Amino acid sequence: VFHSVQIISSGINAEYGVSRGVAAEEPHVLKLDSDELNHLIEKTQQNLEIVENTNEDESDDENKAEDSTTETPCNKDNEDDEFNMADYDKEEEMDGQRIFGAGLSGVTYYANPEDDPYITLPQVATEEEEGYEIKPTDNLICCAKLDGEMSNIEVHLWNADEQDFYVHHDILLDKFPLCVEWLSFDAGDQEEIEGDRVPGNYIALGCMSPQIEIWDIDIIDTSEPVAVLGERLKHSKKKPKIGKKGHSNAVMSLSWNRLTQNIIASGSADCSILLWDLETGSAKECLTHHQDKVQTLCWHLAEGTTLLSGGYDNTCQVTDCRTKNSKSWTVDGEVEHLIWDISSPFSFVAGTSNGSAVCIDIRQEKPLYTIAAHDNEVSGLAMTKLVPGLLATCSADKTVKLWQTSNNKPSCVTSRAFPEAGSLHCLSFCPDYATMLAIGALEGGLLMWDVASNKEFRDAFNHPAVEGS
């Protein structure tokens, strides 16, 4: 999975990637079953009855006019009546659902086309349906995007072997998206789940509203989330009560616990952090140690009870969720983004609004190092276990920089500007392809950069060249 990448812009707002083999090979295209179709038809019939009653008098006049016309010469005994036109108006009993109403009188519908006696050609997959196939070598990148007044989740497909990169499908939203988080835990209604929950392919979405929506991205043309955490509340300065009511303001950050998979953490503009139980859909714990908006969250990679958080109060907090005890560090600006250092279980890196990247060992009071990384806020940070010591940063100054951080002595390896893309808001490495970086931009949308194409990177990390570089 490409790790969560914040993109707060008028383009892509948030992004998350799905690693190979996680997504369904043949995503489910949402279609109405027989019961749903019959229910829709019944509602349509009720609406059409109004039209029928309105035009009743007109229909009676037409029937009288038909009765006064002369009979046609066609009859059963006519040997030239090859198509039995004399019996054209006679109806046969059929098993399908019939509709009666204006313009649809006598029409029979079948939920399964194979049951329709008038369809004799075999049903074959359309070109569009075949295009939904996801190969074991494909990666998915999920982006929450805002385009004018329209918001949606775009699911991009990227294949390293075939160099494919396109929007596979999308999900329309009715809210302004702020953050996304991938998870495999099925948060659907417990009553509808028989036996153990089967891992799936879901996106948790934080919006301007206090609610958290969870969408199944293996379903194409879906119109509603599989679960919603929290309730719609009026704006309040009070801290939210623990329970199903949830936050009282926008959800700005999300982090799913991969070690305790029924838990997801959410940070909000109401200054609180809630720990949600996905099995029950309710908030079990409320953390209130931040004094301002909670901008970023990240669970520890090996300790399932340790949560890292950063906020507008210029602090980074590490909390033991068993005891709610936390330790705090103050940095030189608002905390834009946080990640745990993949090469050290005791260290994390924070990006600040003043352009700094700060590495902190949780056992020490002072930072291990501070980098003056960018001219504007450090909006994105990324590391990959496939290239130890590599740190990538991005900023509103339209640049991505690669750093060598071995031995806690950071040095800038290379910098690449994306002048046409506008402000850069997030980035993440692909876990299946060591050097592929996904970048989210204000105007450029979703960008892909294979950093191995850069000679300075190859020299610094002794990495082989890619073909064509």
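Student: Which residue is linked with D174 and K175 in a network of salt bridges?

Tutor: In this predicted model, the side chains of K175 and E213 meet in a salt bridge, with 2.6 Å from N to O. K175 is in the loop between β8 and β9, 38 residues apart from its partner in strand β11. The residue that joins D174 and K175 in the network is E213.

Student: Are K175 and E213 buried or exposed?

Tutor: The term to apply here is set by a cut-off of under 20% relative accessible area for burial and over 50% for exposure. By this criterion, K175 and E213 are both buried.

Student: How many residues apart in sequence are the parts that E162 and K135 tie together?

Tutor: The side chains of E162 and K135 meet in a salt bridge of 2.8 Å, N to O. E162 lies in the loop between β7 and β8, and K135 in the loop between α3 and β6, so the pair ties together parts of the chain whose separation in sequence is 27 residues.

Student: Which relative accessibility does E365 have, given that E365 counts as exposed?

Tutor: E365 meets K327 in a salt bridge at 3.5 Å, N to O. E365 is in the loop between β24 and β25, while K327 is in strand β21. K327 counts as partly exposed at 28%. For E365, which counts as exposed, the relative accessibility is 59%.

Student: What kind of aromatic pair do W182 and W256 form?

Tutor: A pair of aromatic rings is described by the distance of the centres and the angle of the planes. For W182 and W256, the centres are 5.8 Å apart and the planes are at 85°. Planes over 60 degrees apart fall in one class, so the pair W182 and W256 is edge-to-face.

Student: Why is the pair of F457 and F461 tilted?

Tutor: F457 and F461 both lie in helix α4, 4 residues apart, about one turn of the helix. F457 is buried at 0% relative accessibility, and F461 is buried at 14%. Their ring centres are 5.2 Å apart, and the pair is tilted because the planes are at 35°.

Key
Residues are numbered from 1 along each chain as its sequence is written. This is a predicted model: local features need pLDDT of at least 70, side-chain atom pairs count only at pLDDT 80 or more; totals for chains, interfaces and linings use all residues. Side-chain values use heavy atoms; hydrogens and water are left out. A salt bridge is a side-chain nitrogen of Lys or Arg within 4 Å of a carboxyl oxygen of Asp or Glu. Helices (H or I, at least four residues) and strands (E, at least two) are DSSP runs, numbered from the N terminus. Buried means under 20% relative accessible area, exposed over 50%, partly exposed in between (1.4 Å probe, protein chains only). Rings of Phe, Tyr and Trp (its six-membered ring) pair if their centres lie within 6.5 Å; planes under 30 degrees apart count as stacked, over 60 as edge-to-face and the rest as tilted.
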